[in-house]
Amino acid sequence: MQIEMNKEFGEHSHVFRDVNDVHEVWAFIDGSFMPTMIKHKDQVGHFLPHEEWGFLAYYNRVIGGLRFIQERSKDKKCEYKKLHGFYGHCQPYHTHSHDSFGYPACNSSTHNDTSTEEDDHDNVATCYDQEQYEGVVDFYHDEAFTMDKTTKTYEMWVDMLDDEEVIYKRVQYLKDRHWLDRETKSLSIEFLAYNGQTEPLISRVSLEFEFTRVGYVKPRTIIETLPL
């Protein structure tokens with residue numbers, strides 16, 4: 001399974017082991033991970049029947065869906081106060097945030113005004129277009145942006161049997177609301193896969209990204225396999 005995982009993600013332009021900052025995390029998710037996991041068409045572009053959705057490396061079928069999990073640290077004043085005005089706040093790795101976060105929905109008092117001019121630094125996104133995600137995410141419980149009280153993490157589930165448009169919109173929702181930021185400590189993408197070709201096996205796969213406070217992201221893969 002480890003070999004097949006490396007082969008699957010390695011054949012795309014954004015290789016998992018080469019991810020080292022937040023921009024490359026999203027590039028890997030968009031450009032490699034999601035196209036590998038979400039295959040609803042065959043090699044010539046014909047739609048596959050539902051029963052053929054969710055296969056990874058031909059023979060490993062994902063059970064249920066993908067679980068995006070984030071741990072966060074608190075935003076607080078830095079220990080060294082003399083340069084606070086220059087540097088701003090710190091996000092110590094050993095702290096744990098329980099606060100809700102994320103860009104708010106755009107309304108009459110907020111705009112999502114972005115500029116195409118490189119020299120216009122005042123026009124930046126400060127909110128997101130909630131209307132395009134109606135029926136796709138759970139706004140009432142502030143899905144993914146309010147801490148799960150049981151796990152103490154921030155989570156988003158993606159159902160592998162949803163339509164492709166819904167799946168990609170749920171991931172885009174995370175990006176539009178600025179899910180990964182300075183307070184992010186770690187991101188894990190987890191799923192279970194079943195292989196019944198030889199000895200029946202269930203594998204738990206976790207792609208993990210540690211957001212070090214030195215300034216780089218450290219990726220690693222954890223795969224646990226259990227024979228049935």
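Reader: With which residue does Arg-72 form a salt bridge?

Author: This is a predicted model, in which local features need pLDDT of at least 70, side-chain atom pairs count only at pLDDT 80 or more, and totals for chains, interfaces and linings use all residues. Residues are numbered from 1 along each chain as its sequence is written, and side-chain values use heavy atoms, with hydrogens and water left out. A salt bridge is a side-chain nitrogen of Lys or Arg within 4 Å of a carboxyl oxygen of Asp or Glu. For Arg-72 the closest N and O atoms are 3.5 Å apart, and the partner is Glu-183.

Reader: How many residues apart in sequence are the parts that Arg-72 and Glu-183 tie together?

Author: Helices (H or I, at least four residues) and strands (E, at least two) are DSSP runs, numbered from the N terminus. Arg-72 lies in strand 2 (residues 60-72), while Glu-183 lies in the loop between helix 4 and strand 4. The pair therefore ties together parts whose separation in sequence is 111 residues.

Reader: Are Arg-72 and Glu-183 buried or exposed?

Author: Relative accessible area decides the class: buried is under 20%, exposed is over 50%, and partly exposed is in between (1.4 Å probe, protein chains only). By this scale, both Arg-72 and Glu-183 are buried.

Reader: Which residue forms a salt bridge with Lys-175?

Author: The closest N and O atoms of this pair are 2.5 Å apart, and the partner of Lys-175 is Asp-30. The pair links distant parts of the chain, 145 residues apart: Lys-175 is in helix 4 (residues 164-176) and Asp-30 in helix 2 (residues 22-37). Lys-175 is partly exposed at a relative accessible area of 29%. The residue asked for, Asp-30, is partly exposed too, at 30%.

Reader: How many bridges join strand 5 to strand 6?

Author: Two strands pair if DSSP finds at least two bridges between them. Strand 5 and strand 6 form a hairpin with five residues between them, and Gly-215 in the turn has a positive phi of about 125°. Ile-202 stands opposite Leu-226 in strand 6. Strand 6 (residues 217-227) runs antiparallel to strand 5, and the bridges number 11.

Reader: Which residues does the network of salt bridges that share partners join?

Author: Glu-224 forms a salt bridge with Arg-204, the closest N and O atoms being 3.3 Å apart. Glu-224 lies in strand 6 and Arg-204 in strand 5, so the pair ties together parts 20 residues apart in sequence. Salt bridges that share partners make one network of Arg-67, Glu-155, Glu-190, Arg-204 and Glu-224.
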